[in-house]
Amino acid sequence: MGKNRSARSKYVRKKGDSSQKSAEWNNDDKFKVVMENKHFEEYYKTQGIMPEDEFPTFMEKLKVILPSSFRITGSRSHAEELRDLMIATYFPAMQTTKIDGETVEAPQPLPWYPNNLAWTSSLTRTVLRKSPVLSKFHRFLVSETEVGNISRQEEVSMIPVSLLDVKPHHAVLDMCAAPGSKTAQILEALHADEGEALPTGLLIANDSDQKRSYTLVKQAKRLQSPCLMVTNHEAQRFPSLYLSDRDSSERAVFQFDRILADVPCSGDGTLRKNGMIWNRWTCADGLALHRIQLPILYRACTMTKIGGRIVYSTCSFNPLENEAVVAAAVKASNGSIRIVDVSDQLPGLKRRPGMTTWKVQDKTGEWYNSMADVFNKGPSGMIRETMFPPEDIKELGLERALRLYPQDQNTGGFFVCVLEKVGPMGSIDSFLAGEDKELDQGKGLPTATEATVEDGNQRSVVVPNDRKRRSEDSIRLDSGHVPRSFMPNCNPLSISSPESKRLHTTQEESAESREASVEAQEIQVDPQAQHKTPDSGSNGKVSKRYPSKTGANWEGSEAPFTFLPEDHPVITQLRDFYGISEEFPMSSFLIRSLPTTNPATVYFAAPSIRRLITSPSSHRLKIVNTGIRVFTKNSANSTDENSVNYRLVHEGMDVISNFVDDRRVVICERLSEIRTLLAKEYPKFEDLGDLGTRIAKITSGSCIVRYDPHTDVDTKDHCRVRHVIQLPIWRAAVSVSLLMNKQERCSLLERLCGEELGFEGGLDKDLPNASNTEAATETPSIDSAL
């Protein structure tokens, strides 16, 4: 692997880096930078990324602070409801608010984003502090962000997923997912069918940095999807999976319907919010990163099923990171990958066509038009042939790619290219076609991760295996046969740092996970290691620590994922007490701790996720997290012998609530009773009126309170939401406990009644006073909150 260098890279950008000032980085003396870089200006002038007369406007726009932008997340009806609430409640007051003699401009919808669910705002931290009206709006944004209803995301960053065309039955891979804004977008698309509680698709959100993977979990879990798995792998070495034993007569393999390759990049398109790039930008950025980006895109192409779609994107202006990478991958596919024309999609979005001519500059400032020029002047150094435009570039359709420039719609810079796989590419597809040729010199039997779905029903591609299984020590795992020239010959550690997406493999990486790129890197795999079973220890003996059938063949550092059988005592108790419908996939309950006899928490993962975790080769996956909490053990035992000591968790309500029998559902007919339940901690039955009477009649334990605004019997109550509200509670002897945290209560009460719930002094304080107390405190900036 080479020496682990501690020197920090001066040019590789980390996405979502919170250590840099994102909105007012140039207003603090500590972060003042000179917004000039003559090498940057000369480089892009020479590259001709735009007409010469536009270049001064381009440079000036890069020096203007980028407006904030955010998306309203969740299902379409829920998001539109929150959008309407925001407009009706906060915008009218803004139109009459003046700061320093100037009228405040309310946030504006993005003209190209569907249904006005994405907005941009020029409000700064200073302005937010000067007006009670704006402070109230800001508290709304902060509250809804904390519970996952609003997501801060740069405008151009919303484009790749918008063009990925994700459907609820698709299996999707986000190869470089952290910090998670695009991951959240994909999850929303998977759950777009509001009538379907459990999509048949799945999303694997991967990142190479373990710490950033945990941050990704925090961000993505706000959307509470059982279809999400977070993994920790180098993108270009993402492992392959078998879905059946290699000894079986049939062999099932698994490819993706959609892959997002939002790759590590130099990030010069983010100059408007990451001002430190002005000081550290050099042309070496693109030279180094091209050799990382190309293997990632190639690997994405080999893991996508025929007919699937790949979106490649960067936040860079550099053609070496953009068009050169796409051109090299398309050329290497021999016609199996084509660039898709998306000019008719996202109307209202101003975009420029991709480039078809560019040059390459080395670190000394020397320019080259072709690889022949490089050879004529000596050793090539960092320059590769794939960095130059191919001779048949006009036939590739690079003009179909999208270039986004800041002067066009007051955004950051971005590059997006949509690709479609139209034919077989790599040994995975050859294997599926029955072309199982002898592979030697490290070119082993192919495996891949695939979820292929037709007509909304997930299916696997099954291939007959009538050939004798090869000896395990004579093969190596396939990485899609990434050409050796595509892989970086430099030590990736030399361009990685805490400020970048981690581009190197950790020392803890197992031999199995390294096999995905061993062919290109010429790494020698220990044959003895390949003889070991997934559950074997260092001595080769099979470990009995983890179940071999119901859990993953686990070698990661995280706790194992063990699926409980349907006849497990805990599952039987839950099914009987809550009356869970037979239509619910009971086999998808899992736990994260051992022993399995008395788990503290019961999770649920979608059947599509379960299929991967229980596959024979799942030990290759470094799973960081998956599944959502559905039941958790109650801290106090119930005195009712007919009760069960597991309570519902709010996180899993969207999944389980519609499958619970009416015996454990209490209907609420008045908004005022819901308000009391939200605002008061441990209300007694008599405090809840008719709702309390109904709750008192059921067996103690956890149950669901269901409120439909359309059937409210109290006409004087005005509910500001239109969808059904379902809340988990614990019915005690004389009182009720609402199983939601304070942030979720605050957000829901604001949306239902327009009231603010103060955090200080507990939940049962007088709401208007609590609101005043909250308003008096200093609130964080819109940028840090969103």
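Let's start with D712, whose side chain reaches the backbone nitrogen of D714 at 2.8 Å. Please keep in mind that this is a predicted model. D712 sits in the loop between β29 (701-707) and β30 (725-731). Its side chain has another partner too: a polar contact of 2.6 Å joins D712 to the side chain of Y707.

So what about charge? Which side chain of opposite charge is nearest to D712? That is R670, and it is 6.0 Å away. A salt bridge needs a side-chain nitrogen within 4 Å of a carboxyl oxygen, so D712 is buried yet has no salt bridge.

Let's move on to the charged pairs that do meet. Side chains of opposite charge can pair when their charged atoms come close. How many salt bridges does the structure hold? The count is 21, and I'd like to walk you through a few of them.

One of them joins R352 and D408, with the closest N and O atoms 2.8 Å apart. This pair links distant parts of the chain, since R352 is in strand β14 (residues 352-353) and D408 is in helix α13 (residues 406-409), 56 residues apart. Are these two residues buried or exposed? R352 has 18% relative accessibility, so it counts as buried. D408 is buried as well, with a relative accessible area of 18%.

Next comes E651, which meets R629 in a salt bridge at 3.4 Å, N to O. E651 lies in the loop between β27 (646-648) and α20 (653-656), while R629 is in strand β26 (residues 628-633), so the pair ties together parts that are 22 residues apart in sequence. On the E651 side, relative accessibility is 15%, so that residue counts as buried. R629, by contrast, is partly exposed, with a relative accessible area of 33%.

One more pair, if you'll bear with me: E669 and R694 form a salt bridge, and their closest N and O atoms are 3.2 Å apart. Here too distant parts of the chain are linked: E669 is in the loop between β28 (665-668) and α21 (671-679), R694 is in helix α22 (residues 689-696), and 25 residues separate them. E669 is partly exposed, at a relative accessible area of 28%. R694 counts as partly exposed too, at 28% relative accessibility.

Now, for those of you who think about cysteines. C417 is in no disulfide either, and the nearest cysteine sulfur, from C301, is 9.9 Å away. With 0% relative accessibility, C417 counts as buried.

Let me finish with helix α11 (residues 323-332), which is mostly covered: eight of its 10 residues are buried. Those buried in α11 are E323, A324, V325, V326, A327, A328, A329 and V330. What covers them? The elements include α10 (284-303), β12 (304-314), β13 (337-339), β17 (402-404) and β18 (414-421). And just after α11, N334 takes a positive phi of about 55°.

Conventions
Residues are numbered from 1 along each chain as its sequence is written. This is a predicted model: local features need pLDDT of at least 70, side-chain atom pairs count only at pLDDT 80 or more; totals for chains, interfaces and linings use all residues. Side-chain values use heavy atoms; hydrogens and water are left out. Helices (H or I, at least four residues) and strands (E, at least two) are DSSP runs, numbered from the N terminus. Buried means under 20% relative accessible area, exposed over 50%, partly exposed in between (1.4 Å probe, protein chains only). Lys and Arg count as positive and Asp and Glu as negative; His and the chain ends are not counted. A polar contact is a pair of N or O atoms within 3.5 Å; within protein, one must be able to donate a hydrogen and the other to accept it, and residues adjacent in sequence count only if both atoms are side-chain atoms. A disulfide is a pair of cysteine sulfur atoms within 2.5 Å. Contact means heavy atoms within 4.5 Å.
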